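Hi,

Here is the structure I promised to pass on. Have a look at it first, and then read my notes below.

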Amino acid sequence: MNLFGIIEEIEKIDPDFQDRINPRRDAIKNITSFGSKVAVAALPFALGSIFKKAYGAAASTTDVIGVLNFALTLEHLEAAFYNQGLGTSGLVTDSSYITPIQTDENNHVTFLTSVITSLGGTPVAANAAGYDFTAGGTFPTVFSNYQTFLAVAETLEDTGVRAYKGQAGTLAGNQTVLTAALSIHAVEARHASAIRYLRMSKYGVSIYPWITSPTASGSDVSGANSNDTGNTTVQGGVNILTLASVESSSSTSVATATAAFDEPLTTNEVLALVTPFIK
Amino acid sequence: MKTASELNTGNVNLHRRSFLRYAGAGIAGAGLLAVGASCHKDHNVTPSGTISLGTGDIGILNYAYALEQLEAAFYTQVVATPYSGMPSVELTFLTDIRDHEVCHRNFFKAALGASAIQSLSVNFSKIDFTSRTSVLTYAKAFEDLGVTAYDGVGYKIQNVAYLAIAGSIVSVEARHAALIGNLLQNGNFVSSDQVSTSNGLNVSNDPATVLATANTFLSAQTQVSANF
């Protein structure tokens with residue numbers, strides 16, 4: 001998929017999308033276009049940064065708001081998905097699983113909206129044109145076939161986990177916002193685990209609660225729209241495959257090495273996954 | 001004149017040398033007492049602390065290493081002595097989780113190299129490994145503890161590469177936590193003691209809070225303390 005094409009398509013609908021999801025570029029642009037406004041907005045964090053000189057690239061408030069609005073964009077998508085699913089009569093049969101997730105996703109929307117507002121930002125609204133959970137007809141039965149619904153749910157949750165992870169670096173050192181983002185991130189992982197467990201334990205889908213891969217750089221393709229190839233067996237410069245394991249003093253299996261770490265997704269990778277769902 | 005941070009770094013090295021020397025000589029007790037005394041002098045440590053995790057990012061990585069040691073030891077025991085009537089699917093899950101935790105532990109050990117703290121001795125006397133309820137309840141507690149620990153310490157990590165690693169691991173811990181919750185009771189993956197029903201955020205805890213719990217599962221000789 002052509003990433004530039006995707007961004008162009010989104011910008012037709014939402015001219016500010018690129019700025020919101022690409023906070024670094026936004027910050028650079030803003031320095032020249034309305035620098036004084038940024039300077040004022042960034043003041044509380046600038047003050048904080050005096051005490052955190054070690055954080056080489058402490059995020060400006062603009063950066064932080066950009067990340068939060070990116071997260072909010074995803075939470076709107078997820079909340080809309082579960083709201084529509086649970087609003088579809090007869091679709092969901094495991095409400096003990098799906099209802100708590102719906103509650104959490106809507107809570108995330110409310111929470112992020114209030115945080116962005118409190119930082120002086122403008123929270124993104126839910127996409128005015130709505131969402132297309134068939135992804136342009138790829139999943140025509142998403143709200144009529146419960147198994148399709150669960151497969152799409154898995155993809156959204158796994159993507160959410162990895163999307164938050166990919167933004168953490170921009171929030172480094174920010175106690176309030178990074179901690180909140182990590183806390184939401186953990187909840188998305190709980191959801192992903194639960195959807196996967198439900199699919200495998202009750203509906204016989206051959207997956208695990210974690211993302212595992214049979215090949216070192218392979219993808220986990222159990223979700224509805226998973227085109228990720230993010231699994232890797234090298235973490236922080238350490239080749240996990242050469243570590244001791246229970247079975248061997250000098251090797252760890254690919255399955256374990258891929259499952260033990262969830263890899264981040266970049267902004268553009270997230271966009272590639274979720275853009276088909278945004279009208 | 002040394003700065004506070006230099007003193008701390010020096011202390012950490014001293015601790016490590018002390019441990020190696022005394023552990024090798026088989027008189028760990030004396031070494032631990034000596035280290036405990038120096039900790040109290042220079043560090044802001046918990047009263048029970050005897051092994052300093054170090055300062056800065058190294059301290060945080062050792063913090064993670066300590067918690068992963070605890071989890072790996074727990075699941076190693078669980079799989080070695082399965083509770084009665086353990087269904088094969090649960091044995092598969094618990095074996096996989098054991099392997100993940102061993103992987104995390106060995107990753108931190110490798111990544112920390114000479115800066116790694118020693119291997120910790122665990123004390124699981126309060127856990128009944130023959131009881132499914134006991135094992136899964138403690139498993140959930142360990143996983144939940146790990147999630148709150150990583151989430152609570154993330155903002156203190158200065159190197160974004162380390163932050164990325166912590167992020168890569170914490171979501172796997174959260175996946176474990178949710179699974180164990182579901183094994184205990186279907187639909188129990190975002191239990192209200194861990195995830196707020198009002199804002200959807202997972203609990204996070206500071207190192208002192210986490211270690212107060214973690215230390216109750218470590219032997220008296222290998223209690224750990226954080227000063228980052």
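A word on terms to begin with: helices (H or I, at least four residues) and strands (E, at least two) are DSSP runs, numbered from the N terminus. The model is a predicted one, in which local features need pLDDT of at least 70 and side-chain atom pairs count only at pLDDT 80 or more, while totals for chains, interfaces and linings use all residues. Residues are numbered from 1 along each chain as its sequence is written, with chains lettered from A and ligands numbered from 1 in the order in which they are written.

The two chains

Chain A has eleven helices and two strands, in the order α-α-α-α-α-α-α-α-α-β-β-α-α from the N terminus. Chain B has seven helices and two strands, and its elements run α-α-β-α-α-α-α-α-β. A residue is called buried if 20 or more other C-beta atoms lie within 10 Å of its own, exposed if 12 or fewer, and partly exposed in between, with C-beta atoms placed from the backbone. By that count, 49% of the 279 residues in chain A are buried, and 51% of the 228 residues in chain B.

Two residues are in contact if their C-beta atoms, again placed from the backbone, lie within 7 Å. Of the contacts with a separation of 6 or more, residues 24 or more positions apart account for 66% in chain A and 73% in chain B.

Where the chains meet

Across the interface, 53 residues of chain A are in contact with 47 residues of chain B. On the chain A side, α7, α8 (146–167), α9 and α10 (254–259) each supply at least two residues, and the largest share, 16 residues, comes from α9(A). That side divides into 31 nonpolar, 17 polar and five charged residues. Here Ala, Val, Leu, Ile, Met, Phe, Trp, Tyr, Cys and Pro count as nonpolar, Asp, Glu, Lys and Arg as charged, and the others, Gly among them, as polar.

Of its 29 residues, 23 are buried. From first C-alpha to last, α9(A) reaches 41 Å, close to the 42 Å expected at 1.5 Å a residue (the expected span is 1.5 Å times one less than the number of residues). Just after α9(A), Gly204(A) takes a positive phi of about 70 degrees.

The core

A nonpolar core is a set of buried Ala, Val, Leu, Ile, Met, Phe, Trp, Tyr and Cys residues joined through C-beta atoms within 7 Å. The largest one holds 130 residues, and those touching the most other members are Leu68(A), Ala71(A), Leu171(A), Ala181(A), Ala66(B) and Ala214(B). Helix α9 (residues 175–203) of chain A gives this core its largest share, 14 residues. Leaving out residues up to four places away in sequence, Leu68(A) touches Leu112(A), Val115(A) and Ile116(A).

Two loop residues

Asn202(B) lies in the loop between α6 (160–184) and α7 (207–214) of chain B. Is Asn202(B) buried or exposed? Asn202(B) counts as buried because 28 other C-beta atoms lie within 10 Å. Residues that Asn202(B) touches include Ser183(A), Ala186(A) and Val187(A) from chain A, and Val147(B) and Asp151(B) from chain B.

Ala135(A) sits in the loop between α7 and α8 of chain A. Its phi is near 55 degrees, a positive value in a residue other than glycine. Ala135(A) is buried too, because 20 other C-beta atoms lie within 10 Å.

Best wishes
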